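Please read the briefing below alongside the sequence and the coordinates.

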Amino acid sequence: CQGTAGLEKTGKVLGEFCRCYKEQYGVALFNSVRYEIEGNGGPQAQLLHRKVPLEDHVIYSGNLFQYIEENKKWRNRFCVVPHNYGLVLYENKLAYERDLPPRVLVNSAGYKVLTSVDQYLELVNSSLPGVTPKSGHSPILKCPTDFPLILWHPYARHYYFCVMTGKEQEKWQAVFQDCVRHCNNGISEDSKVEAPAFTDAIRMYRQSKEQYGTWDMLCGNETQVLSNLVMEELLPELRNTIGPRLKGKAQERQRTWIQISDAVYRMVYEQTKAQYEAMMAKCEQERPQMESTIRTDMDQIITSKEHLASKIRAFVLPKAEVCVRNHVQPYISSILEALMTPTSQGFAEVREVFFKEVTDMNMNIVNEGGLEKLVEYMEKLSHLAFHPVKMQSCYEKMDQLKLEGLQQRFDVSSTSVFKQRAQIHMRQQMDDAVYTFETLLHQELGKLQGKDDLCKSIQRILERVLKKYDYDSSTVRKKFFREALLQITIPFLLKKLAPTCKGELAKFQELIFEDFASFILVENTYEEVVLQSVMKDIMQAVKEAAVQRKHNLYRDSMVMHNSDPNLHLLGEGIPIDWGEEYSGQPEPEPDTDKRRRAKQVVSVIQDDEGVLPYEVGTAAFLQPSSPEPQEMEEPGPGAPLSSADGVEEIREALVEESLGKGSEEGERLTNASPKPSTDVPSEPEVPPSTPASPVPRAEPPSPSPGMTCHQPSDKETGEEVAPGGSECSSPQPTGTMESSEGVQTEF
């Protein structure tokens, strides 16, 4: 029943969306070709942009406990976060080193990272109204430590983890949040046609349902976003139909509801993926003919569109200007100030972190000396933007963003859209600054003589890069402020004007020539007119903030021309590999060896408070009758919660291990206090007076060329289970597919 309802709803929603997309595809293609011909570039960036992404690093790897829902037990897992920010969970570190298939791969788009069981229970209780465990009854989840990490999704399955210390929790939280941030940004901005067509089609579809304003679930790649769109409408219907029929205790009903939601989401995802890919193939097939028409008739299309715009403007603009004057203009400065303060603090923190890292590196080179140390530190510095813990001080500035009363006035459901967008800009600016610095330094190395010259050159280049950063930072922030103000005000204006304007738009359709109807839409032209009604006020507000030098913004008249005329030519060169170029090795390393020395961006935690068991104590966490199986037993829907989720056993085992077996020899795979080894070397010793660059070199082995399936693509979503069975197989019927990496994807 739930499957049939899901398929019907998915087909209906996707049918309407495909109609919107095909309309927006023609408009986006016309805009792209017109931009290509006319050009309308803004200020030239001063910093270089890395054209070849860094792909030889692991963000983080370490041990944590995962709660396995099927047998209600906590298991030790070795988690690897590769450069594409997928979460890859292995049986243990040995399985990873031996290139065995991972247990689970997770794309975290749309998830929230929770560090409190109470937070989680509050969300679970609200997901199924009227079903709340009575006081004194066991909740749906118990955690054996005080440091949980929970990945919560409104539709898909949830993932439960815990660690042993607060330090570990903070580090894993930063890593998980970076994964979510990266995966949420799953629609490629490099696509100048498909991306704007898709996002505009989503917006038009939601507006047709009277849903204006920002949308929190515009997360992930296109298939994930469309699945969220379907579930937004389908889930309330399922809740009303299935909710009253659920049997058992409150905790069991909640658990069953989560499983049902996840199973439906997986079916929706599979159907959405197939239908979206078919639609895309059809659009690509029609593109050459459409593009040929655009290039041939560009002038006539522009003339026709301007004629239509003039007629719509005469009808709409007077009403729009009154609405702007009464309902928007008085609040623009307040919104801008609310945006500027945390954003500018975040970008200032990016500058400070970059300055500190380079300065610390320079101090260490003074004390330790030599090109070899420079190479070591530059390898670390090149990954600074991808260090979730070091960047956390920048990202957390955006937590201050609060629109308060303005949020309700302008129907902004959440500020998370703006927070994440600003954080992505911060990471990009940090990487641009680092890449520019290493490019300029690399150019200078051949001319330097001795350590003193090197240190002076580093300082000089740092100052140059900071000036470029200040200029680019100002440009990026001003653009972000303008876009955010439009995102907040335009939906509000469209909703206000809809009763008096939207019904009259149909009469303008006759002004469009039939041959050009694929490239000119009345609805889009109407929105452009509404945008023009408020754009002047927004531009003026940002300009005034810059003139007053608020938050270190440059005036628009401040333009840096050709400060480094040859710099952008340097950026076109071969990417710098500090380790290979200056290691003195006569021959390149084989691919397998090179993968084994892949850099780990976030260091393993050093905790001097004591050794806490992970791998050694895992056997003690299993009941004697339940050795670690390959295929976990699936409890029935009415199965009781065994032994309080295994909490007491784990706690007893932790006490026994930490007190009674703390001196046992053998490798202890723990984030808290790892043994130095060839795989993960300990922190390099640095004199106390000279702080070391905090990204120590770690060398977890990467999968061999034949096992690249262990690293999930950004285009994948949800849980992916490798062939060979998994503890996390869903009891609900699900579809499977073969991903491009060869991993069977259960979703």
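What follows is a short briefing, grouped by topic.

This is a predicted model, in which local features need pLDDT of at least 70 and side-chain atom pairs count only at pLDDT 80 or more, while totals for chains, interfaces and linings use all residues. Residues are numbered from 1 along each chain as its sequence is written, and side-chain values use heavy atoms, with hydrogens and water left out.

**Overall make-up**

- The secondary structure comprises 19 helices and 11 strands, where helices (H or I, at least four residues) and strands (E, at least two) are DSSP runs numbered from the N terminus.
- Of the 747 residues in the protein, 53% are buried; here buried means under 20% relative accessible area, exposed means over 50%, and partly exposed lies in between (1.4 Å probe, protein chains only).
- The accessible surface comes to about 32800 Å², and carbon and sulfur atoms account for 51% of this surface; the areas come from the Shrake-Rupley method with a 1.4 Å probe, and for residues only the protein chains shown count as cover.
- Among contacts (heavy atoms within 4.5 Å) with a separation of 6 or more, 81% are between residues 24 or more positions apart.

**Nonpolar cores**

- The largest nonpolar core has 162 residues, and those with the most contacts inside it are Tyr21, Phe354 and Phe437; such a core is a set of buried Ala, Val, Leu, Ile, Met, Phe, Trp, Tyr and Cys residues joined through side-chain atoms within 4.5 Å.
- Helix 8 (residues 298-368) gives the most to this core, contributing 25 residues.
- Once neighbours within four places in sequence are left aside, Phe437 is in contact with Phe354, Val358, Met361, Met378, Leu381, Ile458, Ile461, Leu462 and Val465.
- In soluble globular proteins, nonpolar side chains tend to be buried together.

- Strand 2 (residues 73-82) and strand 3 run antiparallel and are joined by three bridges, two strands being taken as paired if DSSP finds at least two bridges between them.
- Within this pairing, Val80 has Val88 of strand 3 as its bridge partner.
- The two strands, strand 2 and strand 3, form a hairpin with four residues between them, and Tyr85 in the turn has a positive phi of about 70°.
- On its pairing with strand 4 (residues 104-107), strand 3 is again antiparallel, over three bridges, and Leu87 stands opposite Val106 of strand 4.
- In a regular strand the side chains alternate between the two faces of the sheet.
- Strand 3 (residues 87-90) is covered on both faces, with Leu87 and Leu89 buried on one side and Val88 and Tyr90 buried on the other.

**Salt bridges**

- The whole structure holds 33 salt bridges, each defined as a side-chain nitrogen of Lys or Arg within 4 Å of a carboxyl oxygen of Asp or Glu.
- Glu237 and Lys9 meet through their side chains in one of these salt bridges, at 3.1 Å from N to O. Because Glu237 lies in helix 6 (residues 222-242) and Lys9 in helix 1 (residues 2-38), the pair ties together parts that are 228 residues apart in sequence. Glu237 is partly exposed at 39% relative accessibility, whereas Lys9 is buried at 13%.
- Asp411 forms a salt bridge with Lys495, with the closest N and O atoms 4.0 Å apart. This pair links distant parts of the chain, since Asp411 is in the loop between helix 11 (405-409) and helix 12 (416-444) and Lys495 is in helix 13 (residues 450-501), 84 residues apart. Asp411 is partly exposed at 34% relative accessibility, and Lys495 is partly exposed at 43%.
- Glu444 and Arg460 form a salt bridge whose closest N and O atoms are 3.8 Å apart. Glu444 lies in helix 12 and Arg460 in helix 13, so this pair ties together parts that are 16 residues apart in sequence. Glu444 is buried, with a relative accessible area of 16%, while Arg460 is partly exposed at 42%.

**Cysteines**

- The structure holds zero disulfides, a disulfide being a pair of cysteine sulfur atoms within 2.5 Å.
- Cys183 is in no disulfide, and the nearest cysteine sulfur, that of Cys179, is 6.2 Å away.
- Cys183 is buried at 6% relative accessibility, and Cys219 is buried with a relative accessible area of 8%.
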